Amino acid sequence: RGVELCVQRGADVNASYAGPLRLADGQLAGCTSPPPPPALPLLRVALSVQGPAQCIIVQHMLNGRVRCKTVQALRRKARQEMEFVTAQLLDRFEGPFAET
């Protein structure tokens, strides 16, 4: 519900996050190896959530008009981090996207 409220109130769903991140395999990325990891789009960070909540959060973020380029990159590069339902959602998603 928190993500939904933030998006409804104009949160920037195209922002980036450069902190630690738990990956699907359980490893913690971005807190032990210098240099710091590159900032990741918030939509990519949403994939670190496991279970049904992942798809719900991603859907709320997509409602906030994520950049098309971000969605396309996730479809190609982050499939292993997605729950099955989330992958289907992203495969079917055709917009609306953020204006560039």
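The buried residues of helix 3 pack against helix 1 (2-8), helix 2 (42-46), helix 4 and helix 5, where contact means heavy atoms within 4.5 Å. The structure is a predicted model, in which local features need pLDDT of at least 70 and side-chain atom pairs count only at pLDDT 80 or more, whereas totals for chains, interfaces and linings use all residues. Residues are numbered from 1 along each chain as its sequence is written, and side-chain values use heavy atoms, with hydrogens and water left out.

The chain has 5 helices and 4 strands, which are DSSP runs numbered from the N terminus (helices H or I, at least four residues; strands E, at least two). Read from the N terminus on, these elements follow the order α-β-β-β-β-α-α-α-α. The mean pLDDT of the chain is 85, and 89% of its residues reach 70 or more, pLDDT being the predictor's confidence in each residue, from 0 to 100.

Of the 100 residues of the chain, 30% count as buried, a class defined by a relative accessible area under 20%, with exposed meaning over 50% and partly exposed in between (1.4 Å probe, protein chains only). The chain exposes about 6,300 Å², of which carbon and sulfur atoms supply 56%; accessible areas come from the Shrake-Rupley method with a 1.4 Å probe, and for residues only the protein chains shown count as cover. Among the contacts with a separation of 6 or more, 62% are accounted for by residues 24 or more positions apart.

Helix 3 (residues 52-63) comprises 12 residues, which at 1.5 Å a residue should span 16 Å, and its end C-alpha atoms are 17 Å apart, in agreement with that value; the expected span is 1.5 Å times one less than the number of residues in the helix. The buried residues of helix 3 are Gln54, Cys55, Ile57, Val58, His60, Met61 and Leu62. Histidine 60, which is found in this helix, counts as buried because its relative accessibility is 16%. When its neighbours within four places in sequence are left aside, histidine 60 is in contact with Val3, Glu4 and Val7.

Helix 3 is followed by arginine 65, which is placed in the loop between helix 3 and helix 4. The phi of arginine 65 is near 70°, a positive value in a residue other than glycine, and with a relative accessible area of 42% this arginine is partly exposed. In the segment after helix 5, where proline 96 has its place, a cis peptide bond joins glycine 95 and proline 96, with omega about 10°.

Alanine 73 lies in helix 4 (residues 68-77) and counts as partly exposed, at 23% relative accessibility; its C-alpha atom is separated by 9.4 Å from that of arginine 44, a residue 29 residues apart along the chain. Alanine 18 lies in the loop between strand 1 (16-17) and strand 2 (21-22) and is partly exposed, with a relative accessible area of 46%. Alanine 18 and valine 45 are 27 residues apart in sequence, and the distance between them in space is 9.7 Å, C-alpha to C-alpha.
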